[in-house]
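Thanks for coming. I will take a few minutes to walk through one structure, and you can follow along once it is on the screen.

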Amino acid sequence: MAPNDPKQGGGGGGFFASIASTFSAVTKSVNGLVGYEGLEVINPDGGTDDVHEEASKGRWKQEERDGYWKVMQKYVGADVTSMVTLPVLIFEPMTMLQKMAELMEYSRLLDMADECEDPYMQLVYSASFFISVYYAFQRTWKPFNPILGETYEMVNHGGITFVAEQVSHHPPMSAAHAENEHFIYDITSKVKTKFLGNSIDIYPVGRTRLTLKKSGVVLDLAPPPTKVNNLIFGRTWVDSPGDMVLTNLTTGDKVVLYFQPCGWFGAGRYEVDGYVYNSTEEPKILMTGKWNEAMSYQPCDAEGEPLPGTELKESWRVAKVPENDKFQYTYFAHKINSFDTAPKKLLASDSRLRPDRYALEQGDISKAGFEKSSLEERQRAEKKNREAKGHEFTPRWFDKTDEICPTTWDDLQVYQYNGKYTEHRAAIDDSDSVEAVDVKTIEFNPWQYENLAA
């Protein structure tokens with residue numbers, strides 16, 4: 001069976017898409033909650049459970065659920081990216097900047113891509129790298145929104161220096177830069193959302209560029225949208241149906257992988273299938289797997305069929321994870337929160353130092369809620385003061401450019417790494433006079449105005 005021609009609207013994944021459409025048409029969804037008509041509760045496991053039984057399985061107590069729905073129902077159909085204050089109950093002790101760093105867990109795949117001379121295998125390893133982060137995305141806890149000017153630094157992993165910064169508050173935007181001897185990774189991150197009552201659609205309005213140093217090729221990523229189901233009623237779960245496209249901007253080669261939607265009795269859930277194409281859109285390598293387990297590849301003919309004498313080989317497999325972890329963290333996620341991955345003379349604006357994040361990590365939900373409210377109030381005071389003075393916030397490690405990048409869902413203003421962090425870190429690493437400081441005693445400080453005490 002030949003893959004669909006991308007030029008004919010077949011998208012990525014070819015015939016895999018037509019199979020998935022059969023399943024998605026019968027996805028198990030149920031309505032009819034008394035007093036909550038129009039809300040959709042979707043059981044990812046399928047079955048014939050009564051809607052009330054599934055709705056009661058979520059993390060909310062009934063009184064919390066009912067009260068929260070009264071607050072949220074006015075936002076149905078709206079983009080709620082930054083307009084709603086959410087309870088700490090649904091948060092994990094990590095910020096969105098740290099979540100961006102979590103992609104670096106399997107950075108060895110990019111090292112392999114850089115060392116590989118076969119241009120199609122470069123795409124196999126690079127695409128596997130971008131698939132790997134979806135394992136972390138299945139966690140249904142919400143990360144904290146970064147405060148404007150907040151940063152996150154990471155070292156001591158794969159020879160990588162990673163820095164991320166919150167560069168805009170309205171709309172919320174983050175930028176990150178990662179680099180080692182093999183690759184340069186740059187991202188400007190922004191999302192649009194649509195709140196649907198008991199679910200939310202998340203559209204990735206961002207730009208990701210990856211440069212492999214040995215060959216000099218530049219790769220561009222276009223990920224699929226994500227849907228978070230059963231936000232208030234039922235067990236919360238995540239699905240990302242659609243195409244992920246990774247394009248070699250240097251040669252025109254690309255990978256198109258189709259994320260199958262969850263269907264009846266969970267059919268198709270987690271499955272990813274597609275091809276590596278050359279610049280004339282002829283399939284060269286097929287890829288298949290599950291984004292929560294592993295990805296494999298096999299050379300194929302022009303019809304998308306496996307070449308005789310070849311076999312399916314694994315390109316990536318998820319690492320062993322802790323059992324019964326409260327937030328479903330991987331070992332690497334714990335490292336991200338740890339000061340073991342922090343550099344010398346950690347910036348006071350680092351996410352690890354946030355008092356609300358730390359309180360939640362220690363299990364003190366009440367204190368976490370108080371600290372979160374205090375930070376948000378201080379941020380509002382900063383904004384008011386900045387506007388009164390006619391000032392504009394200027395990021396420290398990234399520069400706003402004039403480049404406007406069109407995406408499927410919106411235009412994006414691109415932020416570019418300015419290299420100053422590399423100079424900052426080199427000066428510290430080369431200095432013999434950096435005094436040892438217990439980083440846990442550093443007060444979180446992303447603020448532009450020092451005289452605005454909370």
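**A buried glutamate and its surroundings**

Let me start with Glu-150, which sits in the loop between strand E4 (142–144) and strand E5 (151–154). Before going further, please keep in mind that this is a predicted model.

Is Glu-150 buried or exposed? Its relative accessible area is 0%, so Glu-150 counts as buried. Its side chain has several polar partners. One is Ser-351, whose side chain is joined to that of Glu-150 by a polar contact of 2.6 Å. Another is the backbone nitrogen of Ile-147, which lies 2.8 Å from a polar atom of the Glu-150 side chain. Then there is Arg-354, where a polar contact of 2.9 Å links the two side chains. Setting aside neighbours within four places in sequence, the residues in contact with Glu-150 include Thr-95, Leu-97, Ala-164, Gln-166, Phe-444 and Pro-446.

Now to the arginine itself. Arg-354 belongs to the loop between helix H8 (331–337) and helix H9 (355–361). With a relative accessible area of 2%, Arg-354 is therefore buried. Beyond four places in sequence, Arg-354 is in contact with Thr-95, Phe-144, Asn-145, Pro-146, Ile-147, Glu-150, Leu-375 and Phe-444.

Let me step back to the whole chain. It has 454 residues, and 53% of them count as buried. The secondary structure comes to 11 helices and 22 strands. Of the contacts between residues at least 6 apart in sequence, 59% join residues at least 24 apart.

How many residues does the largest nonpolar core have? There are 56, and those with the most contacts inside it are Met-104, Phe-130, Ile-131, Phe-162, Tyr-185 and Met-287. Helix H6 contributes the most to this core, with eight residues. Apart from it lies another core, of 25 residues, and Ala-55, Val-80, Phe-91 and Ala-359 are among them. To go back to Phe-162 for a moment, its contacts beyond four places in sequence include Leu-97, Met-100, Met-104, Tyr-152, Met-154 and His-177.

Helix H5 is worth a look as well. It runs over residues 108–115, and its buried residues are Leu-109, Leu-110, Asp-111, Ala-113 and Asp-114.

Take Leu-109, found in H5, as an example. Its relative accessible area is 0%, so Leu-109 is buried. Not counting residues up to four places away, Leu-109 touches Tyr-125, Ser-128, Phe-129, Ser-315 and Trp-316. Leu-109 and Ser-128 are 19 residues apart along the chain, and their C-alpha atoms are separated by 7.4 Å.

Conventions. Residues are numbered from 1 along each chain as its sequence is written. This is a predicted model: local features need pLDDT of at least 70, side-chain atom pairs count only at pLDDT 80 or more; totals for chains, interfaces and linings use all residues. Side-chain values use heavy atoms; hydrogens and water are left out. Buried means under 20% relative accessible area, exposed over 50%, partly exposed in between (1.4 Å probe, protein chains only). Helices (H or I, at least four residues) and strands (E, at least two) are DSSP runs, numbered from the N terminus. A polar contact is a pair of N or O atoms within 3.5 Å; within protein, one must be able to donate a hydrogen and the other to accept it, and residues adjacent in sequence count only if both atoms are side-chain atoms. Contact means heavy atoms within 4.5 Å. A nonpolar core is a set of buried Ala, Val, Leu, Ile, Met, Phe, Trp, Tyr and Cys residues joined through side-chain atoms within 4.5 Å.
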